[in-house]
Amino acid sequence: APEAQATALQLVFTAFGTEQNADYVYIYSCADASCKSKRQAAAFHGLNTSLTSPQGPITFTSSILQVVFSSDFSVADKGFSATWSTLKSDPTGDDCQGLSFRTEAEQTLDYAPPGRGYPPNKLCTWTIAPRGAVALQVDLEALSTEASFDFVTFRECTTTVCNDTTTLGTFSGSSVPSYRTRFSTTGIMQVEFKSDRAGSGGGFEFKWKRLTDMDQAVDYWNGTCPSANKPGGNTSGAEECPMMDCCQEEDTACVDGQCKKCPVGSICFHGQFIRGRFAGESWALDRDSR
């Protein structure tokens, strides 16, 4: 728990080696110094050359962290070491490095490195997990990446560790598509940027907004999707459909620019399919009332 004026923390592992799939380092973002109210931000294990171990710095928009190490009854390894530092300004600009765990209710992140653009072989991830979020809206505002080689990917996460994800959209190139809005029905989303070994671009910008109840979330959706017997929208199988519009055919939604049928047990929600805890619940809208 650093000085009170710190608005964020950055953690860098200088060495890491634990038994793979058995001995874990857990990192929690705490609401206060007691850490009675906390959220798991990461869980690492294995050698520092593996994808499950920390890669690069980890930034948290929290002034209090808890690090917990848990090992099982067998097999030892070299352990780990880490350093931490405080950030006294809001990390909303050129902070594409490692993992960033963000908990703000609303924010805009603009990754636009000065000069000739972003460097090659860049890999960075933002976990967006506002406290109290029932759902989460993320909008891609600007995009300038090497087309077909450098990608911005949005994923819905079931937990804040994001080890179980569903891809909501992948973007590349120099134009923002009409279906740029993505919703996470869990209130947690992971945004990843990855560049290859050559080429560059100006970067990208996205913003997010916490939705605190399903009535608020449904308000964003209600009235924007025409029902099957109304004009507007695209037919099933169209090459591209706007994210803010539904497809004409009954029980379809726009997913990555394609009109697709809702799976059994799911419903349409703002152009996406709702799964898990919200699927089939009582707030599902009556199509005739749209």
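In the predicted model, threonine 153 forms part of strand E11, which spans residues 151-157. The relative accessible area of threonine 153 is 7%, and the residue is therefore classed as buried, since this value falls under 20%. Beyond residues up to four places away in sequence, the contacts of threonine 153 comprise Thr167, Gly169, Thr170, Gln190, Val191 and Glu192. With one of these residues, threonine 170, a polar contact is formed from side chain to side chain, at 3.5 Å. A separation of 9.4 Å was computed between the C-alpha atoms of threonine 153 and threonine 125, residues that stand 28 positions apart along the chain.

Aspartate 23, by contrast in setting, is located in a loop; this loop connects strand E1 (8-17) with strand E2 (24-30). Aspartate 23 has a relative accessibility of 4% and, because this lies under 20%, is likewise counted as buried. When residues up to four places away in sequence are set aside, aspartate 23 touches Thr18, Phe44, His45, Phe69, Ser70, Ser71, Asp72 and Val75.

Note on methods: Residues numbered from 1 in each chain as written. Predicted model: local features only at pLDDT ≥ 70, side-chain atom pairs only at ≥ 80, totals over all residues. Heavy atoms only, no water. Helix = DSSP H or I, 4+ residues; strand = E, 2+ residues; numbered from the N terminus. Buried < 20%, exposed > 50% of the residue type's maximum accessible area, 1.4 Å probe, protein only. Contact = heavy atoms within 4.5 Å. Polar contact = N/O pair within 3.5 Å; in protein donor to acceptor, adjacent residues only side chain to side chain.
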